[in-house]
Amino acid sequence: MTQTKVKPAEGKLGILVVGNGAVATTFMTGVLMTRKGLAKPVGSMTQYDKIRIGKGADKKYLKYDEIVSLAKLDDIVFGCWDVYPANAYQAAIYAEVLKEKDIEPVRDELEAIKPMKAAFDKNYAKRLDGDNVKVGLTRWQMVEALREDIRSFKAEKGCDRIVVLWAASTEIYVPVDEKVHYHLADLEAAMKADDREHIAPSMCYAYAALVEGAPFIMGAPNTTVDFPAMWELAEKTKMPIAGKDFKTGQTLVKSGFAPIIGTRCLGLSGWFSTNILGNRDGLVLDEPANFRTKEVSKLSTLETILKPEIQPDLYGHGNDEDTQYYHKVRINYYPPRNDNKEGWDNIDIFGWMGYPMQIKINFLCRDSILAAPLCLDLCLLSDLAARAGRYGTQRFLSFFLKSPMHDYTQGEEAVNHLYQQYTMLKNAIREMGGYEADEEID
Ligand SMILES: NC(=O)c1ccc[n+]([C@@H]2O[C@H](COP(=O)([O-])OP(=O)(O)OC[C@H]3O[C@@H](n4cnc5c(N)ncnc54)[C@H](O)[C@@H]3O)[C@@H](O)[C@H]2O)c1
């Protein structure tokens, strides 16, 4: 074992969630209920997973907090921002994800979580219409107001450290523009010039978090921290960033299932994924400009796992130009289902001598139930990364993300393969714990 310089997780960890909707309230309620011994944090790697340390006769399997110092659930303090003024109790009831019996025991604590006014621009999410917003501010003034929010929260609640997690609505797609998004100075100039086209409100949250010394996690597919100017800010402030888009239902299945096809050298001619969901997220995504952001994020998964340029016989046919299998993703807003999303995947594969076969996957999932443990893990592990002095894009967190950030300016590819991502996660924990990284099969 080598010596490490990870600062211990002492004192309170403030988790400031942007958005107080279905995901955020399911996350917060679950943590508070677990703390009281009334629920189990199922699906959370930091609470359950065990990593092998050592080899051969010396090997042992340890939980993450036995390898590295992690914040305890008892030390978490929640705060949030939202466009709507409902407190976390009211928002949890409104979301209809959890039954009242699973919310009532922590009602007092949830009622005390009152959203701060949101940095919001209706042009970025047209279907939202709340009045709990910071009014009449330029983008730079938004940054300053958010910084003040973070500082006040930290002081009032006596927090030692803060993590900011975006679990708010998906914004409209903001294409990366070299003139604004490549250099920090240009980004700051655009914020000061109140350039509303290129600066999404989410970028103001991220900027504010980083300069206040808080890691920032992007749980939606927004491009917020996915460009060089933000990477520069993360380096300058020595803060971790992670994103983007929680890998919950369909994409989790895709990143775990595609390796079956690839490993077995079967062919793929098409993969059609469709969903119905009826929560507020579905409503926002019903707007084409917002769906575009999600579509880009969901489409990226397969292409790095099943590569036509490496296996043209297997993956080089199927779409218009016959250069690659056909890959389509659809999300349909269907109110009766609320948070209980249903996803269908139709996979057209082919085998020996090109004979076609089909696989159908029908996942009746619960969106926020799958997202909540990811929120917890991303927050605890980003806080760990900050204490370990790791800054910039945290690739080891790709495991939790649908469209992992990577340096596309240098031609770097994202790792989407679930089991490669898991190896990266385990090795980062091992390294931060002072053990050697390895790839031995468990
Ligand atoms: N649940 C999943 O499986 C899953 C998976 C991947 C990503 N996501 C993403 O997580 C996010 C949250 O999902 P949800 O189901 O909780 O949605 P939701 O609509 O229930 O909650 C989002 C909340 O964010 C608020 N909001 C929007 N813009 C804001 C701003 N600028 N500042 C502060 N608050 C703002 C909205 O008012 C709303 O209350 C969405 O972007 C969704 O795409 C969810």
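This is a walk through one protein chain, from its overall form down to a few single residues. The model is predicted, so keep in mind that you are looking at a computed structure.

Let us start with the whole chain. With 442 residues, a compact globule would have a radius of gyration near 22 Å, and the chain has 21 Å, which agrees. Its C-alpha trace spans about 70 × 55 × 50 Å along the principal axes. The secondary structure comes to 16 helices and 13 strands, and 48% of the 442 residues count as buried. Take the contacts between residues at least 6 apart in sequence: 78% of them join residues at least 24 apart.

Next, look at how the chain is divided. Domain 1 consists of residues 12-246 together with 368-432, while domain 2 covers residues 250-364. The C-alpha centres of domain 1 and domain 2 lie 26 Å apart. Where they meet, 27 residues of domain 1 are in contact with 25 residues of domain 2. The side of domain 1 that touches domain 2 has 11 nonpolar, eight polar and eight charged residues.

Now turn to the inside. In soluble globular proteins, nonpolar side chains tend to be buried together. In this model, the largest nonpolar core has 114 residues, and those with the most contacts inside it are Val164, Leu165, Tyr205, Cys375 and Leu378. Helix H15 gives the most to this core, with 13 residues. The core also draws at least three residues from each of domain 1 and domain 2. To see one part of it, find tyrosine 205: leaving out residues up to four places away in sequence, tyrosine 205 touches Val18, Ala119, Leu146, Val164 and Trp166. There is also a second, separate core of 12 residues, which includes Ile261, Leu302, Tyr325 and Ile349.

The ligand is our next stop. How many residues surround the ligand? There are 36, and the closest are Gly19, Gly21, Val23, Ala220 and Arg280. By class, this shell has 20 nonpolar, 11 polar and five charged residues. Helix H1 (22-35), strand E4 (76-82), helix H12 (280-285) and helix H15 (367-387) each supply at least two residues of the shell. H15 gives the most to the shell, with four residues. Each of the two domains is represented as well, since the shell draws at least three residues from domain 1 and at least three from domain 2.

Helix H10 runs from residue 228 to 237, and its buried residues are Ala229, Met230, Trp231, Leu233 and Ala234. An α-helix has 3.6 residues a turn, so residues three or four places apart point the same way. What covers the buried residues of H10 includes helix H7 (178-181), helix H8 (184-192), helix H9 (201-211), strand E8 and strand E13 (392-393). H10 is followed by lysine 238, whose phi is positive, near 60°.

Lysine 244 lies in the loop between strand E8 (240-243) and helix H11 (250-263). The peptide bond leading from glycine 243 to lysine 244 is cis, with omega near 0°. Aspartate 245 lies in that loop between E8 and H11 too, and aspartate 245 has a positive phi of about 75° although it is not a glycine. Is aspartate 245 buried or exposed? Aspartate 245 counts as buried because it has 23 C-beta neighbours inside 10 Å, and 20 or more are needed for that label.

Compare this with cysteine 265, in the loop between H11 and strand E9 (267-277). Cysteine 265 has a positive phi of about 55°, although it is not a glycine. With 10 C-beta neighbours inside 10 Å, cysteine 265 counts as exposed, as the cut-off for exposed is 12 or fewer.

We finish in helix H16 (residues 418-432), where lysine 426 lies. Lysine 426 is buried, because 23 other C-beta atoms are within 10 Å. Lysine 426 and tyrosine 64 are 362 residues apart in sequence, yet 9.2 Å apart in space from C-alpha to C-alpha.

Technical notes: Residues numbered from 1 in each chain as written. Predicted model: local features only at pLDDT ≥ 70, side-chain atom pairs only at ≥ 80, totals over all residues. Near = placed C-beta within 6 Å. Nonpolar A, V, L, I, M, F, W, Y, C, P; charged D, E, K, R; others polar. Domains from an automatic or database assignment. Core = buried A, V, L, I, M, F, W, Y, C linked by C-beta atoms within 7 Å. Contact = placed C-beta atoms within 7 Å. Rg over C-alpha atoms; globule rule 2.2 N^0.38 Å.
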